[in-house]
Amino acid sequence: MASVIVAAACIFLSCSASVAHGRRFVRSSSYDKPCKEMRLYLHDILYDYSNSTANSTSAAAAKPTALATAVPSTGGTFFGQVVVFNDPMTEGRALPPSLEETAVRAQGVYLYNSKEAFNAWFAFSIVFNSTGRRGTLNLMGADIIAEKTRDISVVGGTGDFFMSRGVATLRTDAFEGFTYFRLQMDIKLYECYVV
């Protein structure tokens, strides 16, 4: 009897959650057909004491560990460095004229987690703040920088992206030394709530 009550409660709560938000759940029937797709470009400008603080969108919050320089590696890997960012994101490749007025931003951290090669681990939210889209997408995963393309997980969202799940395929689109890089991000959502 107790298991029937628990099952009924679970069904009631899942139904009321979708009703409360006025949305219905859509799961893609195939990995070839996502329920929502978009392409965005992330622009990261790392502050390195020589560039302008007004234009910088990220900064190292923790320096590389002593292990990064003590172990022979391929040119230094910044092992252990943690970078906090609030980067503009655009639908095209061009850097926006005003970095603070973009409708989409990526906010989070990445850390260098390999002694042998440049690899990073990302955890961030894409924040949408426009009339077209509102809410967040939360992403996390390993960025194996040596690979031409790499996937990280979309693990949730809010607003227009409530409880979304999917995959973001990253590709380094441009970089200038260690202070600027642009990532092309193809986002495919396979679980969506729609109005």
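Trainee: How many bridges join strand β4 to strand β5, and do they run parallel or antiparallel?
Mentor: In this predicted model, β4 (residues 82-90) and β5 (residues 104-112) run antiparallel and are joined by 8 bridges. Within that pairing, aspartate 87 has alanine 106 of β5 as its bridge partner.

Trainee: And which residue in β6 stands opposite valine 109?
Mentor: That residue is alanine 123. Strand β6 (residues 119-129) runs antiparallel to β5, with 9 bridges between the two. They form a hairpin, and 6 residues lie between them.

Trainee: Changing topic, how many salt bridges does the structure hold?
Mentor: There are 7 salt bridges. One of them pairs aspartate 186 with arginine 39, where the closest N and O atoms are 2.5 Å apart. Aspartate 186 belongs to strand β10 (residues 180-194) and arginine 39 to strand β2, so this pair ties together parts that are 147 residues apart in sequence.

Trainee: Are arginine 150 and aspartate 143 buried or exposed?
Mentor: Both arginine 150 and aspartate 143 are buried. Their side chains meet in a salt bridge at 2.3 Å, N to O.

Trainee: What about aspartate 173, which partner does it have in a salt bridge?
Mentor: Aspartate 173 forms one with arginine 171, the closest N and O atoms being 3.0 Å apart. Salt bridges that share partners join these two residues, Arg93 and Arg182 into one network.

Trainee: Finally, why does leucine 46 count as buried?
Mentor: Leucine 46 counts as buried because its relative accessibility is 13%, and the cut-off is under 20%. This leucine 46 lies in the loop between β2 and β3.

Technical notes
Residues are numbered from 1 along each chain as its sequence is written. This is a predicted model: local features need pLDDT of at least 70, side-chain atom pairs count only at pLDDT 80 or more; totals for chains, interfaces and linings use all residues. Side-chain values use heavy atoms; hydrogens and water are left out. Two strands pair if DSSP finds at least two bridges between them. Helices (H or I, at least four residues) and strands (E, at least two) are DSSP runs, numbered from the N terminus. Buried means under 20% relative accessible area, exposed over 50%, partly exposed in between (1.4 Å probe, protein chains only). A salt bridge is a side-chain nitrogen of Lys or Arg within 4 Å of a carboxyl oxygen of Asp or Glu.
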